Amino acid sequence: MVLSLLEFGLGLEALLAGLMGLLVGSFLNVVIYRVPKMMERQWAQECAEMAGNAPEPAEKFNLLTPRSRCSACGHLIRWYENIPVLSYVFLRGKCSACKTPYGVRHPLVEAATGALFFFCAWRWGWTLTALAWAGFCATLLALALIDWDTTLLPDDMTLPLLWAGLIVAALQWNPAVSLPGALWGAVAGYLSLWGVYWAFKLATGKEGMGYGDFKLFAALGAWFGWSALIPMILMASVIGAVVGIAMKFSSGLREGGYVPFGPFLAGAGLTAMVFGPQAILQAVGL
């Protein structure tokens with residue numbers, strides 16, 4: 001009886017966390033779209049200043065301003081048109097004004113964030129550990145889609161993720177990883193991909209990945225420790241290669257013939273959180 005009540009309470013906590021995840025997922029859609037735009041505006045302003053030109057006045061643009069609107073007709077999204085998942089279903093995935101399709105990714109991001117938050121609360125309860133891992137999930141999901149869209153991994157997200165992993169280990173909110181393990185995981189994660197980058201560049205004269213990948217892998221090392229790096233890089237490399245080959249045969253590769261590596265690193269990190277790093281090795285028979 002007591003066990004049943006505890007399970008019921010845990011289920012309610014996980015359900016509440018899942019609902020909160022839906023709301024966070026709605027905000028992540030804004031982050032995924034606007035952060036690269038904000039970076040482009042900042043670069044344009046810096047270039048203008050370096051050239052001695054006054055930057056052109058522009059509309060205030062950040063994560064909160066202006067209000068969300070339809071990209072086709074400019075219709076301002078009302079609050080009841082922005083309810084996670086439900087609004088998409090009721091509007092049949094179209095703008096209420098011009099009927100332009102929105103695309104299915106928005107509700108998928110919301111649903112995925114809700115599911116990940118539900119898992120964190122189900123596994124770790126209503127604790128600071130669950131809160132930390134929920135933040136980890138949200139950041140990885142946003143980074144994966146930003147990198148897929150733009151091949152950018154913003155420092156404003158990768159570096160806080162790295163520091164958060166070290167802080168969580170220092171506060172012992174992640175009992176599986178000690179602070180020394182997190183520190184050396186971050187060091188090993190960064191240097192391993194940095195070494196691969198330079199080896200590939202010296203051998204071919206080309207850049208095989210960006211510095212954002214180094215920082216993201218360092219962040220994963222901080223969250224999981226150095227011993228988890230091999231399973232995660234193995235999984236990311238194998239899946240990345242399979243996706244790259246499939247896109248090549250389907251003529252889906254973008255100009256330059258490359259596939260961003262960040263989404264596969266992020267996927268490996270989320271897999272390691274849910275199943276554990278060793279489960280990745282067992283899945284491939286190692």
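Me: Does Asp 155 count as buried, partly exposed or exposed, and at what relative accessibility?

Reply: Asp 155 counts as partly exposed, at 36% relative accessibility. Buried means under 20% relative accessible area, exposed means over 50%, and partly exposed lies in between, with a 1.4 Å probe and protein chains only. The model is predicted: local features need pLDDT of at least 70, side-chain atom pairs count only at pLDDT 80 or more, and totals for chains, interfaces and linings use all residues. Residues are numbered from 1 along each chain as its sequence is written, and side-chain values use heavy atoms, with hydrogens and water left out.

The side chain of Asp 155 meets that of Lys 215 in a salt bridge, at 2.8 Å from N to O. The term stands for a side-chain nitrogen of Lys or Arg within 4 Å of a carboxyl oxygen of Asp or Glu. Asp 155 lies in helix H5 (residues 155-170) and Lys 215 in helix H7 (residues 211-224), so the pair ties together parts that are 60 residues apart in sequence. Helices are DSSP runs of H or I with at least four residues, numbered from the N terminus. Lys 215 is buried, with a relative accessible area of 18%.

The structure holds 4 salt bridges. Another one joins Arg 78 and Glu 81, at 3.3 Å from N to O. Here Arg 78 is partly exposed at 35%, while Glu 81 is buried at 11%. Lys 201 and Glu 207 also form a salt bridge, at 3.6 Å from N to O. Lys 201 is partly exposed at 26%, and Glu 207 is exposed at 54%.

Notes. Helix = DSSP H or I, 4+ residues; strand = E, 2+ residues; numbered from the N terminus.
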